[in-house]
Amino acid sequence: MLNFLKYVLATIVGLLVFFFISILLLIGIAASASSSDEVSVAENSVLELKFNKPITERDPKDPLAEIGFSFGGLSSTDGLDEIKAAIRRAKSDDNVEGIFLNMTFVDAGMAKLEEIRNELIDFKKSGKFVVSYTDLSTEKAYYLASVADRIYLNPMGTVEFNGMSSELIFFKRLLDKLNIEAQIFKVGTYKSAVEPFFLEKASEANREQLNSFLNSINNYQLQQIAKSRGISTQELKNVQDNLLVRNPEDAKKFKLITDIGYYDEALTYIREKVGIEETDKLKLVELSKYKKVKDNIEVSTSKNRIALIYAEGDIVDGEGDDGNIGGNRFAEAIRKARLDENVKAVVLRISSPGGSALASDVIWREVQLTKK
């Protein structure tokens, strides 16, 4: 029996060692591949922004993701910083003729989409084209696509254009059935986070603030779409309020899109814009490749620098990790920038639902010291 347990233990240890070494080898292969695989862009190329992953504030810099692998399968996110940098680079890249927005799945907050959209508007000032294609366009996806010169929609697809909504889940009746009473300590009329635990529907104050918030964003979007599509805001409002877009024909009738067509038809148009024959291969450069293009920009040695610090995820105590905002880690980053004589300003980009009050206070203290 003792020998059997020894063999079992030895097998388990062997498997763990094998797994650990395999991971190290994969990381090494990925790192060497990503560092040596410098990409060059040929003439008459088109930058393809394929929106098929969630967009985070910053590129994860995962060496496994560089070769299309991670523990979750394929590379799980795209970084907003990389997307914006690629668009800016493409604007002045003589080998890039335009941008193709492949709107497969748009998963990002409105603020991130606004930044990408503004970059695309600036890109168009170069005289280069932007073409969009989608099978199914959500409200978010259409807001981004609306800046394109040509918008293709699949003949069996649709455009969601009915305004914004918010759904709330309430647990009061569930707690009643379980004989659980929530003890609520609440300050402020519009503090609504605890309402699901003691109400069965939204309070009037919460309904008021949600309506105000959603209408504000929606009206702003309508104004921006109107500018891009050459339609009056009131006309768009009428289309939205009366649910006039129910199929691709409606979307084209009300000028939300320019073309009803398949993916290959969108590529045919791009070929015409680039000036190549239908039989010629269209040079689409994906973001994962284009971000490896070497920049000719020299590294700045200026003594007047701006520190850019990214803070994304829940705010947690301690150091935290790459998926959250560790109070001590971010306080240290701000402190390092504060004590650097070459840093004259700090930009702190925050994308967070909140979290630990203690960790927030630790970060807040460094922000206050930096302001001084």
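The questions and answers below go through the labels one by one.

Q: What kind of model is this, and how are residues numbered?
A: It is a predicted model, where local features need pLDDT of at least 70, side-chain atom pairs count only at pLDDT 80 or more, and totals for chains, interfaces and linings use all residues. Residues are numbered from 1 along each chain as its sequence is written, and side-chain values use heavy atoms, with hydrogens and water left out.

Q: How many helices and strands does the protein chain have, and what makes a run count as one?
A: The protein chain has 13 helices and 12 strands. A helix is a DSSP run of H or I with at least four residues, a strand a run of E with at least two, and both are numbered from the N terminus.

Q: Why is E366 called buried?
A: Buried means under 20% relative accessible area, exposed means over 50%, and partly exposed is in between (1.4 Å probe, protein chains only). E366 has a relative accessible area of 5%, so E366 is buried. Across the protein chain, buried residues make up 36% of the 372 residues.

Q: Why are R335 and R338 called partly exposed?
A: R335 has a relative accessible area of 27%, so R335 counts as partly exposed. R338 has 29%, so R338 is partly exposed too.

Q: What makes E366 and R335 a salt bridge?
A: A salt bridge needs a side-chain nitrogen of Lys or Arg within 4 Å of a carboxyl oxygen of Asp or Glu. The side chains of E366 and R335 meet at 3.0 Å, N to O. E366 lies in helix α13 (residues 357–371) and R335 in helix α12 (residues 327–339), so this pair ties together parts that are 31 residues apart in sequence.

Q: How do you know that E366 also pairs with R338?
A: The closest N and O atoms of E366 and R338 are 3.0 Å apart. E366 is in α13 and R338 in α12, so the pair ties together parts 28 residues apart in sequence.

Q: What makes K124 and D149 a link between distant parts of the chain?
A: Their side chains form a salt bridge at 3.4 Å, N to O. K124 is in helix α3 (residues 110–124), D149 is in the loop between α4 and β6 (150–159), and they are 25 residues apart. At 27% relative accessibility, K124 is partly exposed. D149, at 33%, is partly exposed as well.

Q: What makes a set of residues a nonpolar core, and which members of the largest one touch the most others?
A: A core is a set of buried Ala, Val, Leu, Ile, Met, Phe, Trp, Tyr and Cys residues joined through side-chain atoms within 4.5 Å. The largest has 48 residues, and F51, I99, I116, V159, F161 and Y290 touch the most other members. Apart from it lies another core of 13 residues, among them F129, V131, Y133 and L282.

Q: Which residues does I99 contact?
A: Contact means heavy atoms within 4.5 Å. Leaving aside neighbours within four places in sequence, the contacts of I99 include V46, L47, L49 and I87.

Q: Why are the buried residues of α8 said to be on the same side?
A: In helix α8 (residues 233–241), the buried residues are L236, V239 and Q240. They cover an arc of only 95° around the axis, which puts them on the same side of α8. The arc is that of the directions from the helix axis to the C-beta atoms. Their cover includes α4 (139–145) and α7 (204–229).

Q: Where does N162 lie, and how far is its C-alpha atom from that of Q240?
A: N162 lies in the loop between β6 and α5. At 42% relative accessibility, N162 is partly exposed.
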